[in-house]
Amino acid sequence: MATRKPAAAPETPTRGSAETGRLGVPERERDWQRLGSETFDVVVIGGGVVGVGTALDAATRGLRVALVEARDLASGTSSRSSKLFHGGLRYLEQLEFGLVREALRERELMLTRIAPHLVKPVSFLYPLSHRVWERPYTAAGLLMYDTMGGASSVPGQKHLTRAGALRMFPALKRSALIGGIRYYDAQADDARHTMTVGRTAAHYGAVVRTSTQVTGFLREADRISGVRVRDAEDGRETEVKANAVINCTGVWTDELQRLSGSRGRFRVRASKGVHIVVPRDRIVAESGLILRTEKSVLFVIPWRNHWIVGTTDTDWNLDLAHPAATKGDIDYILDHVNTVLATPLTHDDIEGVYAGLRPLLAGESESTSKLSREHAVARVSPGLVAIAGGKYTTYRVMAADAVDAAGADLTGRLQPSITDKVPLLGADGYYALVNQADQLATRHGLHPYRVRHLLDRYGSLVHEVLAVADGDPDLLRPLPAAPDYLQVEIVYAASHEGALHLEDALTRRTRISIEYPHRGVDCADQVARLMGRVLGWDDARVAREVEVYTARVQAERDSQSEPNDQAADAKRISAPEARDLWDPVS
Ligand SMILES: Cc1cc2nc3c(=O)[nH]c(=O)nc-3n(C[C@H](O)[C@H](O)[C@H](O)COP(=O)(O)OP(=O)(O)OC[C@H]3O[C@@H](n4cnc5c(N)ncnc54)[C@H](O)[C@@H]3O)c2cc1C
């Protein structure tokens, strides 16, 4: 997209940037200078959850760290998941007890210590449809599930008769079940969680820079000694020197591997998963739902005033940045969920659709590269580590493994990982603020429910968010076309959370793109103007941002009426990119 010189100082008040891990315009310029002038212990490629987790792990071990992300934080898979912190019931059936235990431990850590403001318990109904064997079989599995992760802050399983299950989930057909079991997992807004981990890494001194694409690797003799990066906003390039480079690029792992010129130890393939979002009142229920499908499971997950329903699982060999959902994907989800709903969902009920790519390990060649069936980490050549696979829930464990693997290239003693003791920004003080929500609401003239919503998005950083509206109380008004969000949240996204384009604010800092049937188009102009106050946009730039975003939404809608991946991909990639990226295959 059109190049832009970094704007001067933002209008919003600042506290020390390191204090809150602020990712604003001044920090962006400062970090560019740091990238070009310092020698880092570790450079992390990729700002998905694994990359930001790795940057946080390394920074809190006392290492000098830089993370570079080509697009936006969480713009790849990490904003497009089912948003569950879970052990994975189906892994229990596959007898992967170690994996389930590890994931459940992570779920508990997130809920209680690391991110209680962002990660919340969520209940699911497991409907039973077979008499005699199914209840004891499922109960035994859930008993393990409830106890394997150690202390659990969520309630254990509860058995329900058919009448009880229907009271919990009145939207189900009576004939769809003979009884049920309720169990608990946890959920989070994945994009906000990833961004918060990234800000926490910045708080501990890491350079965290988006719109900064790796376009090549530096070499000294036979070892990788850094990366070449290009600023996707203004085309500047620089070289970043490092003792170790960690490739955390998910489905782009092989692409970066090729760019480095070294032979990979494992390969990553992409599997597409689609979700639809429907209004809360279209499914009358007090809990989520898990359904078995021929291949895997389908979830109905409560999401504020909506339900998220998904997912699919099909191979994807087309554009990695913009996986497209087809009509076939959406029909698959509707067909499966409608087998149990008394009033079927239709295409007209759909508010939003999103597709993501699972980075799955393929063709592992060396058992030493394999730390678990779930993820693989390997020192692919001196100075270069790659990590991939796994799942969102276990990002912290993956990050620690990646930094351990980089240890061979670091000078000095590598401290052990301590991120199990590092709360994310906003966690500290969160519980007290929940108790004080009414006072906070009165002080700022907001409804208490609004303050609780803000606390679940920002935790104790809520003070910083609300301070942006000091002297401009209009910012505490909701966006008229997306009233779940306050205008100040958009300004804050640009001033503190690293949002550089309209799509960053509409699809990741907020979820307007999937929560409103207009998918963000009706508030695009207002949101661009609010961002433009911080980012120094003139009318032409605002218009261009709106045009690019609107074209993206139209391309997504068009792809969703196509029957197959090729046709859907052709529609989706016809839309212009918000960022000016370099194509490694050209
Ligand atoms: C449909 C679906 C549902 C899922 N549900 C769950 C769930 O409920 N729970 C769970 O635990 N897991 C779930 N997962 C898995 C989980 O989402 C992923 O494992 C995780 O998000 C992967 O994170 P990542 O950091 O490896 O990759 P990504 O988030 O894709 O990050 C890679 C980043 O690298 C960047 N990059 C690429 N090339 C370059 C370059 N040249 N220079 C700089 N940066 C570059 C990309 O822009 C991208 O941001 C789900 C996955 C899918 C697809």
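**Helices, ligand and backbone**

Modeller: Helices here are DSSP runs of H or I with at least four residues, and strands are runs of E with at least two, numbered from the N terminus. This is a predicted model, where local features need pLDDT of at least 70, side-chain atom pairs need 80 or more, and totals for chains, interfaces and linings use all residues. Residues are numbered from 1 along each chain as its sequence is written, and side-chain values use heavy atoms, leaving out hydrogens and water.

Colleague: At what angle do the axes of α17 and α19 cross?

Modeller: Axes are lines fitted to C-alpha atoms, for helices over the stretch in contact, and angles run from 0 to 180 degrees between N-to-C directions. Helix α17 covers residues 502-509 and helix α19 residues 524-535, and their axes come within 9 Å. The two are therefore roughly perpendicular (65 to 115 degrees). The crossing angle is roughly 110 degrees.

Colleague: Which residues of α21 meet α20?

Modeller: Contact means heavy atoms within 4.5 Å. On the α20 side, the residues are Arg552, Ala555, Glu556, Asp558 and Ser559. Their partners in α21 are Ala568, Lys571 and Arg572.

Colleague: Turning to the ligand, which residue has a side-chain N or O atom 2.5 Å from a ligand oxygen atom?

Modeller: There are 37 residues around the ligand (a heavy atom within 4 Å). A backbone N or O atom of Val50 lies 3.1 Å from a ligand oxygen atom, while a polar side-chain atom of His86 is 3.5 Å from a ligand nitrogen atom. The side chain you asked about, at 2.5 Å from a ligand oxygen atom, belongs to Ser78.

Colleague: Which peptide bond is cis, with omega near 25 degrees?

Modeller: Most peptide bonds are trans. Thr311 is found in the loop between β14 (306-310) and β15 (314-315). The cis bond runs from Gly310 to Thr311.

Colleague: And what is phi of Leu95?

Modeller: Leu95 sits in the loop between α4 (89-93) and α5 (97-114). Most residues other than glycine have a negative phi. For Leu95 phi is positive, near 60 degrees.

Note on methods. Parallel < 35°, antiparallel > 145°, perpendicular 65-115°, else oblique. Polar contact = N/O pair within 3.5 Å; in protein donor to acceptor, adjacent residues only side chain to side chain.
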